[in-house]
Amino acid sequence: MMDRLIVRLKDQRQKAGLTQAALAEEVGVSRKTINTIENGVFAPSTVLALSLAARLNCSVHDLFALPDIGNSTPAET
């Protein structure tokens, strides 16, 4: 189980020249939602993560990542 999601949303948002409020309006959420995602308080739904990536013209992986747990492949069964 993951302890924390790595969030790079703020960097990508600022790179695009958008405020939290502007990005929120464009993807249909509140500014507070963007703020809580950027601060790691809230993990976005898949639909919201895809919408954010589409608006910022990047991949979801550019916005969010899982912490490196030292094992990038599933264990064999």
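Q: How many helices and strands does the protein have, and what makes a run count as one?
A: The protein has 5 helices and 2 strands. Both are DSSP runs numbered from the N terminus, a helix being H or I over at least four residues and a strand being E over at least two. From the N terminus on, the order is β-α-α-α-α-α-β. The model is predicted, so local features need pLDDT of at least 70 and side-chain atom pairs count only at pLDDT 80 or more, while totals for chains, interfaces and linings use all residues. Residues are numbered from 1 along each chain as its sequence is written, and side-chain values use heavy atoms, with hydrogens and water left out.

Q: What is glutamine 12 in contact with, leaving aside its neighbours within four places in sequence?
A: Glutamine 12 is in contact with Leu56, Cys58, Asp62 and Leu63, where contact means heavy atoms within 4.5 Å.

Q: What is the phi of asparagine 57?
A: Phi of asparagine 57 is near 55 degrees, a positive value in a residue other than glycine. Glycine 40, which follows H3, also has a positive phi, near 75 degrees.

Q: Which residues of helix H3 are buried, and what do they pack against?
A: In H3, residues 31-38, the buried residues are Thr33, Ile34, Thr36, Ile37 and Glu38. They pack against strand E1 (6-7), H1, H2, H4 and strand E2 (64-65).

Q: Which residues make the contact of H2 with H3, and how do they divide by class?
A: From H2 come Gln20, Ala21, Leu23, Ala24 and Val27, and from H3 come Arg31, Ile34, Asn35 and Glu38. By class there are 5 nonpolar, 2 polar and 2 charged residues. Ala, Val, Leu, Ile, Met, Phe, Trp, Tyr, Cys and Pro count as nonpolar, Asp, Glu, Lys and Arg as charged, and the others, Gly among them, as polar.

Q: What is the angle between H2 and H4, and what is that called?
A: Helix H2 (residues 20-27) and helix H4 (residues 46-55) pack at an angle of about 115 degrees, with their axes 10 Å apart. That makes H2 roughly perpendicular to H4. The contact is made by Leu23, Glu26 and Val27 of H2 and by Leu48, Ser51, Leu52 and Arg55 of H4. These residues divide into 4 nonpolar, 1 polar and 2 charged.

Q: How many of the residues of the protein count as buried?
A: Of its 77 residues, 30% count as buried.

Terms used
Axes are lines fitted to C-alpha atoms, for helices over the stretch in contact, and angles run from 0 to 180 degrees between N-to-C directions. Angles under 35 degrees count as roughly parallel, over 145 as roughly antiparallel, 65 to 115 as roughly perpendicular and the rest as oblique. Buried means under 20% relative accessible area, exposed over 50%, partly exposed in between (1.4 Å probe, protein chains only).
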